[in-house]
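Q: Could you go through this structure with me, setting each value against the rule that gives it its name?

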Amino acid sequence: MSQEFNRGPAPQQNKDLFILTYGALVAQLCKDYEKDEDVNKYLDKMGYGIGTRLVEDFLAQSSVRRCHSYSEVTHIIAEVAFKIYLGVTPSVPCNNSSRNEFSLILDKNPLSEFVGELPAGRSSLCYCSLLCGIIRGALEMVHLAADVTFLQDKLKGDSVTEIGITFLKQPEEKKYRRKK
Amino acid sequence: MAVCIMVIVKENYPFYVRSIPVENELKFHSVVHTSLDLVDEKISAMGKALVDQRGLCPGLLYPTEDYKVYGYVTNSKVKFVTLVDSSNTAHRDNEICSMFWKLHNSYTDVTCNPFPNPGDRIRPRVFDNMVTSLMTQVC
């Protein structure tokens, strides 16, 4: 997939086919599963599979340095990864509440560009669950466990789309005290 | 001011109807229905002479005592018909055509919605708002 590692910024390509393909995928899942939770779960699972593979391509293309904090990781995801793959840059507001919870705020979500509103009877559908899965899968491949969910969704009537990333403590990082 | 905008699909049934005031909708239905023949006639008369990149805009179809009827056909044989109050001063053709182009662009966005089946009659909010703004603006 990544033939040249130093491609530079990706050329502006027509994303309509990609957006329509994603829409068809979600529509088909809605036909296959009655419950919104099931559709969300499977979208997240698919995204996880994509994320574990996509991270290799991302690291090769972007050649980012090692991150030293969760905040740096979140900024890299927002400013580099989203820019490369979706062409948008979400903003990362300063989250003072705790040092392992961050948000990505998207004014305009390219994936749901053509979906005006959620269909009747699907009010708890998270249309872009795939993105959550992708971020979660990618982070896990670099040994960072995280919980990624949608906090706000424009399709549900909120003013912006907000993705929340909560970094979880790794059990291996616990220091084992030797019994004295 | 545009009093009625109707989108008619290839199979010749109305996909979207919007009229002000709503009570006259049935009357507008019959007017638009009769104008469909005129649209086909004008298109076949124009032939390939005035093919725009987006669609054919025959413009004014015919004037009645109360309204003027304008039509537009896309490359996929979807017709947009609009009725405008006759009392207003004459509109230039390119004003009407640019209105139809905006409608056409909005319509293509609506068709890209993955959830409804093609041919389902829906009232998407964004399209509704766009039509409202066009109806109040054309005067």
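A: In this predicted model, the side chains of B:Arg18 and B:Asp128 meet in a salt bridge, with 3.3 Å from N to O.

Q: What makes the pair of B:Arg18 and B:Asp128 a salt bridge?
A: The rule asks for a side-chain nitrogen of Lys or Arg within 4 Å of a carboxyl oxygen of Asp or Glu, and the N to O distance for B:Arg18 and B:Asp128 is 3.3 Å, so the pair counts as a salt bridge. B:Arg18 belongs to strand β2 (residues 14–19) of chain B and B:Asp128 to helix α3 (residues 125–137) of chain B, so the pair ties together parts that are 110 residues apart in sequence. Both B:Arg18 and B:Asp128 are buried.

Q: How many salt bridges are there over all chains, and how many between chain A and chain B?
A: The count over all chains comes to three, while the count between chain A and chain B is zero.

Q: Why is A:Asp36 said to form a salt bridge with A:Arg122?
A: The closest N and O atoms of A:Asp36 and A:Arg122 are 2.9 Å apart, and the cut-off is 4 Å, so the pair meets the rule. A:Asp36 lies in helix α2 (residues 36–62) of chain A and A:Arg122 in the loop between β1 (101–106) and α4 (129–141) of chain A, so parts that are 86 residues apart in sequence are tied together.

Q: How do you know whether A:Asp36 and A:Arg122 are buried or exposed?
A: Buried means under 20% relative accessible area; A:Asp36 has 7% and A:Arg122 has 11%, so each of the two counts as buried.

Q: What makes A:Arg136 and A:Asp44 a salt bridge, and which helices does the pair link?
A: Their closest N and O atoms are 2.6 Å apart, which means that the pair falls within the cut-off of 4 Å. The pair links distant parts of the chain, with A:Arg136 in helix α4 of chain A and A:Asp44 in helix α2 of chain A, 92 residues apart.

Q: Why is A:Arg136 called partly exposed, and A:Asp44 buried?
A: A:Asp44 has a relative accessibility of 18%, and the limit for buried is under 20%, so A:Asp44 is called buried. A:Arg136 has a relative accessible area of 23%, and partly exposed is the class between buried, under 20%, and exposed, over 50%, so A:Arg136 is placed there.

Q: What makes up the contact between chain A and chain B?
A: The contact takes 14 residues from chain A and nine residues from chain B. About 890 Å² is buried between the two chains, and carbon and sulfur atoms give 66% of that area. On the side of chain A that touches chain B, the residues divide into 10 nonpolar, two polar and two charged.

Technical notes
Residues numbered from 1 in each chain as written. Chains lettered and ligands numbered in written order. Predicted model: local features only at pLDDT ≥ 70, side-chain atom pairs only at ≥ 80, totals over all residues. Heavy atoms only, no water. Contact = heavy atoms within 4.5 Å. Buried area = accessible area lost by both parts, 1.4 Å probe. Nonpolar A, V, L, I, M, F, W, Y, C, P; charged D, E, K, R; others polar. Helix = DSSP H or I, 4+ residues; strand = E, 2+ residues; numbered from the N terminus. Buried < 20%, exposed > 50% of the residue type's maximum accessible area, 1.4 Å probe, protein only.
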